[in-house]
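Here are some notes to read alongside the model. Please take the points in order, with the structure open.

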Amino acid sequence: MNNENHKRVFVALDVPSAPEAKALASTLAGHVGGYKIGLELFCSEGPRIVEEIGPSEVFLDLKFHDIPNTVAACSRAATKLGVMMFNVHCLGGQAMMKAALEAAREENDKVQVIGVTVLTSHDAASLRDMGIEDFPRDMVRRLARLACEAGLDGVVCSPQEISAVRAECGNNFVTVTPGVRPAGGALGDQKRVMTPNEALQQGATWLVVGRPITHAKDPALAAQNLFN
Ligand code: C5P
């Protein structure tokens with residue numbers, strides 16, 4: 001590992017097969033702090049992919065959002081896989097977040113349970129389309145408050161909202177930030193972005209980086225150069 005900053009990076013293994021995911025993970029070992037397994041890989045390969053990558057280094061990003069009873073049950077199942085962190089949608093409501101946390105902690109009191117606030121692919125216009133008049137920052141702040149009152153360990157938000165989350169929930173509250181793009185890098189579908197260094201300066205606990213590393217010609221080099 002080059003430096004402390006790289007230990008804060010979860011690389012998003014957004015690929016459709018176990019061989020591709022394992023190849024990326026082994027290429028990036030030593031250059032990142034952990035691996036994010038999301039919907040594409042999990043739906044393609046099932047829970048065994050968590051075991052194959054190494055559960056203690058996995059952030060399971062399945063964004064649970066359902067009634068409290070269902071989310072409690074899948075949170076228990078996710079925790080049993082041994083992952084270090086998983087997430088639920090804050091929009092499921094506080095009762096759902098509390099149910100998720102309680103069920104997870106019954107299995108493992110160390111697992112980190114994180115709430116997804118407003119996806120980094122949203123902006124004010126797309127929130128308005130859904131009838132939400134808040135600006136993303138205000139909505140993130142509102143949802144972060146619900147999450148910290150529910151007892152969650154932290155939230156997923158864009159780097160642009162870290163200071164609002166810290167103001168609402170304090171410095172010990174974990175912030176996980178996708179929407180990270182090297183200066184001049186392609187945004188893809190991300191709208192609320194910052195560079196890796198800016199995200200760290202804002203106080204991000206964890207950075208989630210996908211395509212800037214995984215679509216690079218040399219992913220290990222891209223990871224190494226992330227903070228240059
Ligand atoms: O490729 P990119 O760096 O945009 O990848 C970001 C990753 O973070 C994707 O796997 C995406 O699903 C995830 N994510 C996100 N926004 C959130 C939560 C997770 O982009 N709010």
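1. **A helix pair.** Start with helix α7 (residues 136–150) and helix α8 (residues 162–169), which pack at an angle of about 35 degrees. Their axes are 9 Å apart. The crossing of α7 past α8 is right-handed. Keep in mind that this is a predicted model.

2. **What meets in that contact.** From α7 come R137, V140, R141, A144, R145 and C148. From α8 come S163, A164, V165, A167, E168 and C169. Sorted by class, the contact of α7 with α8 holds seven nonpolar, four charged and one polar residue.

3. **V140, on the α7 side.** V140 sits in helix α7. Is V140 buried or exposed? Its relative accessibility is 0%, so V140 counts as buried. Setting aside residues up to four places away in sequence, V140 touches T117, V118, C157, E161, V165 and R192. A104 is 36 residues from V140 in sequence, and the two are 24 Å apart from C-alpha to C-alpha.

4. **V165, on the α8 side.** V165 belongs to helix α8. V165 also counts as buried, because its relative accessibility is 0%. Beyond residues up to four places away in sequence, V165 touches V140, A144, V155, C157, G170, F173 and T175. Both V140 and A144 are among the α7 residues that meet α8. C157 is touched by V165 and also by V140.

5. **Aromatic pairs.** How many aromatic pairs does a search of the whole structure find? It finds three. One is F10 with W206: the ring centres are 4.6 Å apart and the planes are at 50 degrees, so the pair is tilted. This pair links distant parts of the chain, 196 residues apart. F10 is in strand β1 (residues 9–12), and W206 is in strand β8 (residues 206–209). Both F10 and W206 are buried.

6. **A further tilted pair.** F64 and F86 have ring centres 5.9 Å apart. Their planes are at 50 degrees, so this pair is tilted. F64 lies in strand β3 (residues 58–64) and F86 in strand β4 (residues 85–89). They are 22 residues apart, and the pair links distant parts of the chain. F64 and F86 are both buried.

7. **An aromatic cluster.** With F59, they form one aromatic cluster.

8. **The nonpolar cores.** The largest nonpolar core has 60 residues. Which members touch the most other members? They are I37, I53, L60, F86, V88 and L207. Helix α7 gives the most to this core, with six residues. Another core, of 11 residues, lies apart from it and includes F10, I114, V174 and W206.

9. **L207 in detail.** Neighbours within four places in sequence are left aside here. L207 is then in contact with R8, V9, F10, T177, V180, P196, A199, L200 and F227. F10, one of these contacts, is among the members of the core of 11 residues.

10. **S75 in helix α4.** S75 is found in helix α4 (residues 68–80). S75 is buried, with a relative accessible area of 0%. Apart from neighbours within four places in sequence, its contacts are F64, F86, V88, A100 and A104. S75 is thus in contact with both partners of the ring pair in point 6.

11. **K63, a backbone point.** Check K63, which is in strand β3. Its phi is near 50 degrees, a positive value in a residue other than glycine. K63 counts as partly exposed, because its relative accessibility is 24%.

12. **L24 in helix α1.** L24 has its place in helix α1 (residues 18–28). At 11% relative accessibility, L24 counts as buried, because the cut-off is under 20%. Residues up to four places away in sequence aside, L24 touches L13, V15, T214 and P219. A12 is 12 residues from L24 along the chain, and their C-alpha atoms are separated by 10.0 Å.

How values were computed: Residues are numbered from 1 along each chain as its sequence is written. This is a predicted model: local features need pLDDT of at least 70, side-chain atom pairs count only at pLDDT 80 or more; totals for chains, interfaces and linings use all residues. Side-chain values use heavy atoms; hydrogens and water are left out. Axes are lines fitted to C-alpha atoms, for helices over the stretch in contact, and angles run from 0 to 180 degrees between N-to-C directions. Helices (H or I, at least four residues) and strands (E, at least two) are DSSP runs, numbered from the N terminus. A crossing is left-handed if the near helix is turned anticlockwise from the far one by less than a right angle, and right-handed if clockwise. Contact means heavy atoms within 4.5 Å. Ala, Val, Leu, Ile, Met, Phe, Trp, Tyr, Cys and Pro count as nonpolar, Asp, Glu, Lys and Arg as charged, and the others, Gly among them, as polar. Rings of Phe, Tyr and Trp (its six-membered ring) pair if their centres lie within 6.5 Å; planes under 30 degrees apart count as stacked, over 60 as edge-to-face and the rest as tilted. Buried means under 20% relative accessible area, exposed over 50%, partly exposed in between (1.4 Å probe, protein chains only). A nonpolar core is a set of buried Ala, Val, Leu, Ile, Met, Phe, Trp, Tyr and Cys residues joined through side-chain atoms within 4.5 Å.
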